Each structure stands twice: as structure tokens, then as C-alpha cells.
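Student: Before we go through this model, could you tie each term that you use to the cut-off behind it?

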Amino acid sequence: MIGELERLLTRYSILEGSKDSIENAYLALKNTYQRGGKLLVCGNGGSAADSEHIVGELMKGFRKKRPIPECERERIGELADHLQGALPAIALTGHAALSTAFLNDVAPDMVFAQQVYGYGREGDALLAITTSGNSRNVLNAVKVAKAKNLTVIGLTGPDGGELRTLSDVCICVPGSCTADIQELHLPVYHALCAMLEDTFF
């Protein structure tokens, strides 16, 4: 775990100031999965794409093949050859019918919050991504997550915005514009996914 974090900081020394928060985010996610919880992820625009990307790295092999346990292979049979170990994660950005119905019928800035309410269980975690830290629909999801006793991890820009104060752990990366911040979000979440994979597989 430490090796992957040091590798990240060697390649992106600009993230040195975020070292403790990245490590704390990893520990929070590790605890979530050790307790049998799942991860919910949300964000807008490029951060929506990042949400889907993160889930892709967690729900299948990232850098490892992740064969499933032998006891499960016996129950599943030959299909087990085509399955991989998964860390349960859901991107709240990928449900077009639900999202468009809810924003049309109820409230546009509550789309993620509704999904946190429906999917979230105590012991789960929410990874909230917003470069400003002030995206209203993301913050509403965070508030519902806190009310349901989910662990909230923020991934944001240098100021952190309101997200910094609401998160249990908040990773604030440097950057003077949205694109610069998003460029640093990617290596951070890749490192987190790699650290989790090393721990559980």
C-alpha cells in the first residue's frame, strides 16, 4: 500500500501536500470493504466520467487477474473461468432513465441524493467528486450520505469548497482550472484502486 502511494508521489510530486488525505481515503475505503460495504461514486461532467472509470477499476481486474475463490468456483462451475473478483461499487451517473425521470418529475439537483437514499446502507461509502467542491447535486448526495451514516470521501480542488467541511476525508489537489484539477484526480484514484486491489487480491 505504502509502495503505491510513494510511487504516485514520485511521479506527481505536486501531490505531496495531499499525501495524508490520500492515505486516509485508502484506509476509509479499506474499512468499508472489510465491513462488507460498497462504494457509491458521483460527479458531473468530466467527474461523471471519472466516476464510471473508478467503478470499472474496482469491479473487475485492474492490474491483477483476480481469480474468484475456489469455493465459489465449485458452485458456479465453468462460468467461473470468465469471472473476476470485484470490489462492489456503483456509479450514480450511469442510470439515464432513473436520472432523467427524477430530474424531470422531482428535482434536478437531487438526482444523486435520491440514489444515495435508495442504495446507501450504513457501512457504505460515498466518493463525491467536484473540482469546485460546491456542486449542489453532489453536496446534496453528501448530506444524505451523512444522514444515513455513510463514510464520505471528497475529491476536489485546492479550495475544497463546502465539500471539504462535509467530508470525513477530503482530498484537495492543486490546480488553477477545472482541467488541471481533473488531470490530477485520475492518478489519485488510480492509486487508490491499485492500493485496494493489492490489499484484497
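**Sheet, helices and surface**

Tutor: In this predicted model, five strands form an open sheet in the order β2-β1-β3-β4-β5, with parallel pairing. Strands (E, at least two residues) and helices (H or I, at least four) are DSSP runs numbered from the N terminus, and two strands pair if DSSP finds at least two bridges between them.

Student: What makes β2 and β5 stand at the edges?

Tutor: β2 (89–91) and β5 (169–172) each have a single partner strand, so one side of each is left without a neighbour in the sheet.

Tutor: As for the source, residues are numbered from 1 along each chain as its sequence is written, and side-chain values use heavy atoms, with hydrogens and water left out. Because the model is predicted, local features need pLDDT of at least 70 and side-chain atom pairs count only at pLDDT 80 or more, while totals for chains, interfaces and linings use all residues.

Student: How do you know that β1 and β2 pair?

Tutor: Strand β1 (residues 39–42) and β2 are joined in the parallel sense over three bridges, and the definition asks for at least two; L39 stands opposite A89 in β2. β4 and β5 likewise pair in the parallel sense, over four bridges, and G154 stands opposite C170 in β5.

Student: Which strands does helix α7 touch where it packs on the sheet?

Tutor: Helix α7 (residues 136–147) touches β1, β3 (125–129) and β4 (151–156), where contact means heavy atoms within 4.5 Å. The direction of α7 makes about 160° with that of β3; axes are lines fitted to C-alpha atoms, for helices over the stretch in contact, and angles run from 0 to 180 degrees between N-to-C directions.

Student: Why does L79 count as exposed?

Tutor: L79, in the loop between α4 (70–76) and β2, has 54% relative accessibility and therefore counts as exposed, since exposed means over 50%, buried under 20% and partly exposed in between (1.4 Å probe, protein chains only).

Student: Why is Q115 called buried?

Tutor: Q115, in helix α6 (residues 111–119), has a relative accessible area of 2% and is therefore buried. Leaving aside residues up to four places away in sequence, Q115 touches L92, H95, L98, S99 and G120.

Student: Which way do the residues of β5 point, and are they buried or exposed?

Tutor: V169 and I171 point one way from β5, C170 and C172 point the other way, and all are buried.
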